[in-house]
Amino acid sequence: MKFLDELNDVQKEAATHIDGALLILAGAGSGKTKTITTRLAYLLSLGIDPANTLTLTFTNKAANEMRERALSLLEGQNIPHPPLLSTFHKFGLMFLKLYIHLINRDNNFVIIDSDDQRKIIKQISSDLPPNFISKEISKYKNSFLTPDEVYALATDSVYKNLAHIYEKYQNYLLENNLVDFDDLLLLTYKILNENDDLADEISDKYQYIMVDEYQDTNEIQLLLLKRLCKNHNNICVVGDDDQSIYGFRGANHKNILDFEKDFNAKVIKLEINYRSTNQILNAANNLISFNKNRYGKKLISARGDGKDIEILRNYNEIAEAEMIAKKIRDLINQGVDPKEIAVLYRINALSRSIEDGLRNYGIPYKLVGGMKFYEREEIKDLISYLRLLVNPHDDYSFKRVVNKPRRGIGKATIAKIEEAKGDKSFIEYIKENDLSIISKKAAKTLKDFVNTLELLSKMSLDELPENLEEIFELSKSYKDEDKARNIEEFYGMMRERSDLNIREFLNELSLETDQDKITMDMINVMTIHASKGLEFDHLFVIGMEEGFFPLNDADIEEERRLAYVAITRARKDLTLSYVESRYIHGKRSPVNKSRFLTEAGLIKGERVELKESSAIKTGSLVKHKVFGTGRVLGINKAGNKTKLKIDFGGSVREILSDFVEKV
DNA sequence: TGGACACTTCTTTTT
DNA sequence: GAAGTGTCCA
């Protein structure tokens with residue numbers, strides 16, 4: 001096999017491993033993708049039926065890239081059909097289409113995204129932050145807790161209330177045949193778990209399973225994988241425990257640390273780094289060695305020495321931005337390709353100053369992952385129209401679009417119908433009643449609206465854009481040119497996918513992200529999270545300050561991994577920057593340089609003394625001398641004082657954080 | 001009904 | 001500082 005010659009010995013060992021569980025611990029820049037795509041190509045070149053392989057990823061982009069690379073290695077060989085490479089969620093979607101009837105649900109379900117989820121939650125309850133609720137619900141679902149069980153476990157009124165909201169939320173999904181992102185995996189697992197014969201069938205079908213970015217898997221994904229490989233244990237996962245940075249989204253860093261034990265796996269470490277210079281890797285190695293929870297590996301550069309890492313210190317963020325803009329200008333003047341330059345930061349709020357700086361110097365840049373196409377208001381409106389056509393009972397979508405563009409249907413009218421309609425959906429009620437409770441004009445508008453929707457619902461995906469536009473003037477009604485253009489772009493996407501019906505189109509769409517669209521042609525400005533998997537010759541990381549990076553109250557080891565990811569994005573030239581004072585949240589505050597600079601060995605003789613955070617967060621249990629134990633409902637920072645809103649068994653008090661202890 | 005104004009909040013976000 | 005939410009009034 002000629003393509004094996006492209007690999008080093010360790011990579012080759014990994015790529016030619018055939019049977020049994022294997023963990024490929026792949027350090028940053030160690031040729032991870034090359035190794036697993038080669039392994040896939042290798043398996044297929046041995047005559048293994050592509051239909052017997054399954055490769056799971058987290059993004060469509062990764063799946064597509066890997067498919068292409070594997071197939072290009074096999075060029076000229078006769079592969080009967082392409083292998084299945086899919087995201088976990090898309091795999092769930094395909095599975096549920098075939099088998100959701102086994103839990104008595106119809107396969108014409110619609111997938112909701114996190115935004116929809118929050119909206120639904122908001123309709124159910126208004127007293128707790130929807131973000132907090134949706135996180136909690138996700139936690140419960142992923143721990144297989146039913147609302148009743150959550151209620152039974154609840155120790156205080158807040159959590160009893162949450163159990164209640166959870167129950168209503170689940171009922172809402174069932175009534176409207178909706179499926180959230182968690183469900184795509186959960187229900188898939190549930191069905192496989194309850195139907196042993198089916199699990200056998202599926203496990204026998206997918207005899208060779210591979211998983212990319214294993215450090216980002218959560219509990220359900222682990223359980224699901226166990227089901228999928230129950231009959232063969234042929235599972236090969238790739239990942240880097242040191243690059244696990246999605247804990248806040250439910251990724252369980254433990255999965256990769258325990259894989260060896262969980263699956264009785266062989267472990268192969270890829271430690272030769274083909275990306276960065278010694279200086280950069282030394283800093284990365286030094287820094288990450290401060291973490292306790294890790295497998296332990298050291299990156300060794302295949303590129304040798306390069307430039308020293310530069311540390312920038314500035315008076316404030318304006319000076320910082322100016323200094324970096326100047327440096328970037330110089331690089332470009334030296335002929336550096338702008339797409340080889342990137343600026344990273346921990347939090348989006350820092351993008352502003354650097355953007356200003358670049359703009360002042362007339363340097364074109366691209367903000368990666370800023371406002372997302374599918375999250376734009378006008379696109380969500382259009383999607384709501386499509387949903388309403390598929391499911392006339394979708395009251396959430398109905399309310400979203402009933403007055404877009406303006407038809408003179410306001411809050412009052414909606415509230416009246418809401419009260420009168422009982423269990424009926426808006427559209428049902430409007431069709432079946434004379435609407436005497438609202439004004440004649442509004443009644444006529446609504447009747448017309450509903451009739452029009454019914455008409456539109458009979459159309460195919462490629463007929464819709466024209467008709468929607470003619471009837472509702474969705475694009476035309478916007479004065480904002482960007483919005484109109486976005487709508488036209490979306491129309492274009494609908495026409496392109498005329499092979500699908502509306503429902504299929506919506507479900508495909510909900511699993512798509514802008515991540516898939518990242519193209520690199522200009523200077524890139526983005527969060528560290530967005531930079532994962534990318535690499536640049538010249539890299540700037542700004543905001544290296546305590547409180548920003550590491551962020552206050554965050555999991556320090558995950559912050560450190562994040563810094564590790566940031567550093568290892570750089571190929572030859574890394575610049576880390578901090579300031580003395582930063583303007584944030586409408587206020588200027590003095591800041592100290594990040595401990596990570598010291599830990600990386602970049603600033604000698606200094607040690608930032610800071611307690612490892614025993615951070616108090618919303619939801620934490622705390623103890624007070626007099627009031628006893630309570631749960632934190634909210635956190636309020638005023639100056640350098642932090643005030644906590646705490647529920648002490650029903651009575652809510654505001655207490656300064658210094659007066660309580662975390663329990 | 002919908003605009004104007006006050007008040008709150010502010011980490012990252014592969015699906 | 002900005003965006004999102006809530007409330008009031010023409």
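Reader: Is phenylalanine 549 buried or exposed?

Author: Buried means under 20% relative accessible area, exposed over 50% and partly exposed in between, with a 1.4 Å probe and protein chains only. Because its relative accessibility is 0%, phenylalanine 549 counts as buried.

Reader: What kind of model is this, and how are its residues numbered?

Author: Residues are numbered from 1 along each chain as its sequence is written, while chains are lettered from A and ligands numbered from 1 in the order in which they are written. Side-chain values use heavy atoms, without hydrogens and water, local features need pLDDT of at least 70, side-chain atom pairs count only at pLDDT 80 or more, and totals for chains, interfaces and linings use all residues, since this is a predicted model.

Reader: How many aromatic pairs does the count come to?

Author: Rings of Phe, Tyr and Trp (its six-membered ring) pair if their centres lie within 6.5 Å, and planes under 30 degrees apart count as stacked, over 60 as edge-to-face and the rest as tilted. By this rule, the count comes to 15 aromatic pairs.

Reader: Which kind of pair do phenylalanine 490 and phenylalanine 505 form?

Author: Their ring centres lie 5.9 Å apart and their planes stand at 75 degrees, so the pair is edge-to-face.
Phenylalanine 490 lies in helix 22 (residues 481–496) and phenylalanine 505 in helix 23 (residues 502–510), so the pair ties together parts 15 residues apart in sequence; helices here are DSSP runs (H or I, at least four residues), numbered from the N terminus. Phenylalanine 490 is buried at a relative accessible area of 0%, and phenylalanine 505 is buried at 3%. The kind asked for is therefore edge-to-face.

Technical notes
Helices (H or I, at least four residues) and strands (E, at least two) are DSSP runs, numbered from the N terminus.
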